[in-house]
Amino acid sequence: MYKYIHSPSHTDYVGFQNLLNKINETNSKLIYLTARTKVNHELTKKHLNSIGINCSDDDVHYTDNVISKGEYIKNNIQINLWDDIIFIDDYPSYIQ
């Protein structure tokens, strides 16, 4: 219910902008992975757009709360295409 009432905000806007600059400079790719369900796709896009993040639908992935983000990455994202992968999350346990 929280996500329907409260708009998202950046926790580190300057840091995020620096990350985007490095991604553009190094021909890298930013992929968004959320535990939300794909049914909430329009709300997720609205939330991303509200903080200035405009990305293609192909760059947003959903676990539907049925699989961990780590398992989702292993099963659905071709990590062998990249030299380095950086996973950022707001929950330390998800990073582990």
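Me: Which loop holds D64?
Reply: This is a predicted model. In it, D64 sits in the loop between β2 (60-62) and α4 (69-76).

Me: What is the phi of D64?
Reply: About 60°, a positive value, although D64 is not a glycine.

Me: Is D64 buried, partly exposed or exposed?
Reply: Start with the cut-offs. Buried means under 20% relative accessible area, and exposed means over 50%. Partly exposed is in between. D64 has 33% relative accessibility, so D64 counts as partly exposed.

Me: Where is N27, and what is its phi?
Reply: N27 lies in the loop between α2 (13-25) and β1 (32-34). Its phi is near 55°. That is again a positive value in a residue other than glycine.

Me: How do I class N27, as buried or exposed?
Reply: Use the cut-off of over 50% for exposed. N27 has a relative accessible area of 70%, so N27 is exposed.

Me: Which residues make the nonpolar surface patch?
Reply: I79, L81, W82 and I85 make the patch. Its area is about 380 Å². Take W82 as one of them. W82 is in the loop between α4 and α5 (92-95). Its relative accessible area is 32%, so W82 is partly exposed.

Me: Now the inside. Which residues form the largest nonpolar core?
Reply: A core is built from buried residues joined through side-chain atoms. Here the largest has seven: F16, Y32, L48, I53, C55, V60 and Y62.

Me: What does V60 touch?
Reply: Leave out residues up to four places away in sequence. V60 then touches Y32, T44, K45, L48 and C55. Among these, Y32, L48 and C55 also belong to the largest nonpolar core.

How values were computed:
Residues numbered from 1 in each chain as written. Predicted model: local features only at pLDDT ≥ 70, side-chain atom pairs only at ≥ 80, totals over all residues. Heavy atoms only, no water. Helix = DSSP H or I, 4+ residues; strand = E, 2+ residues; numbered from the N terminus. Buried < 20%, exposed > 50% of the residue type's maximum accessible area, 1.4 Å probe, protein only. Patch = residues over 30% accessible without salt bridge, like charges linked within 9 Å, V, L, I, M, F, W, Y side chains within 5 Å. Areas by Shrake-Rupley, 256 points an atom, 1.4 Å probe, with all protein chains shown as cover. Salt bridge = Lys/Arg side-chain N within 4 Å of Asp/Glu carboxyl O. Core = buried A, V, L, I, M, F, W, Y, C linked by side-chain atoms within 4.5 Å. Contact = heavy atoms within 4.5 Å.
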